[in-house]
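Here is a short briefing on one protein chain. Look at the overall build before turning to single residues.

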Amino acid sequence: MRAKGLITLSFVFVAAYFLGIAAISWGDNLQVAGGVFIGSLHLLLAWGILGGREWSISPSKYLAFLDMLFALLWMMLGVIIQGATLFVLSTLILILLSDPDVEAEIRGL
């Protein structure tokens, strides 16, 4: 699988994670809205990366970095398995997007 596909798949998995959080916390409107927003943002960036849209590369790096930071915080609070999964996926995205060859692949150059 090429790097573009791995990044897209990782974003889709992270989006499913946040949309799942929204689904299981259906009674809490604020948490549902936050989960849907963050999940939709990940899906939007996955669509942008898959389509080779240049506007999606920089926000993807920032969002992956934020995901990595929140994963570390969750692991410090005791949410070990979920935090570790989010950490691995966001680190994979961040490492792949830091490579200029991968950026060129996404842009179609």
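**Briefing: fold, charges and one glycine**

Buried residues account for 36% of the 109 residues in the protein chain. Keep in mind that this is a predicted model. The chain has five helices and zero strands.

**Overall build**

- Along the sequence, the pattern of the protein chain reads α-α-α-α-α.
- The radius of gyration is 14 Å, close to the 13 Å from the globule rule for 109 residues, so the chain is as compact as a globular protein of that length.
- Taken along the principal axes, the C-alpha atoms fill a box of roughly 45 × 25 × 20 Å.
- Take the contacts between residues at least 6 apart in sequence: 59% of them join residues at least 24 apart.

**Surface and charge**

- The protein chain has an accessible surface of about 6,300 Å².
- Carbon and sulfur atoms hold 73% of that surface.
- There are 5 positive and 7 negative side chains in the protein chain.

**Salt bridges**

- Side chains of opposite charge can pair when their charged atoms come close.
- How many salt bridges does the structure hold? The count is four.
- One of them pairs E54 with R107, with 3.7 Å between the closest N and O atoms.
- E54 sits in the loop between α2 (29-50) and α3 (57-77), while R107 sits in helix α5 (residues 100-107), so this pair ties together parts that are 53 residues apart in sequence.
- Is E54 buried or exposed? E54 is exposed, because its relative accessible area is 54% and the cut-off for exposed is over 50%.
- R107 counts as partly exposed, at 34% relative accessibility.
- Another salt bridge joins the side chains of K61 and E103, at 2.6 Å from N to O.
- K61 belongs to helix α3 and E103 to helix α5, so this pair ties together parts that are 42 residues apart in sequence.
- K61 is partly exposed, with 26% relative accessibility.
- E103 counts as buried because its relative accessibility is 14%, and buried means under 20%.

- What separates E103 and R107 within helix α5? They are four residues apart there, so about one helical turn lies between them.
- Through shared partners, salt bridges join E54, K61, E103 and R107 into one network.

**A closer look at G35**

- Where does G35 lie? G35 is part of helix α2.
- G35 is buried, with a relative accessible area of 5%.
- Leaving out residues up to four places away in sequence, G35 touches F18, L19 and A22.
- G35 and I93 are 58 residues apart along the chain, and 20 Å separates their C-alpha atoms.

Conventions
Residues numbered from 1 in each chain as written. Predicted model: local features only at pLDDT ≥ 70, side-chain atom pairs only at ≥ 80, totals over all residues. Heavy atoms only, no water. Helix = DSSP H or I, 4+ residues; strand = E, 2+ residues; numbered from the N terminus. Rg over C-alpha atoms; globule rule 2.2 N^0.38 Å. Buried < 20%, exposed > 50% of the residue type's maximum accessible area, 1.4 Å probe, protein only. Contact = heavy atoms within 4.5 Å. Areas by Shrake-Rupley, 256 points an atom, 1.4 Å probe, with all protein chains shown as cover. Lys, Arg positive; Asp, Glu negative; His and termini not counted. Charge placed at Lys NZ, Arg CZ, Asp CG, Glu CD.
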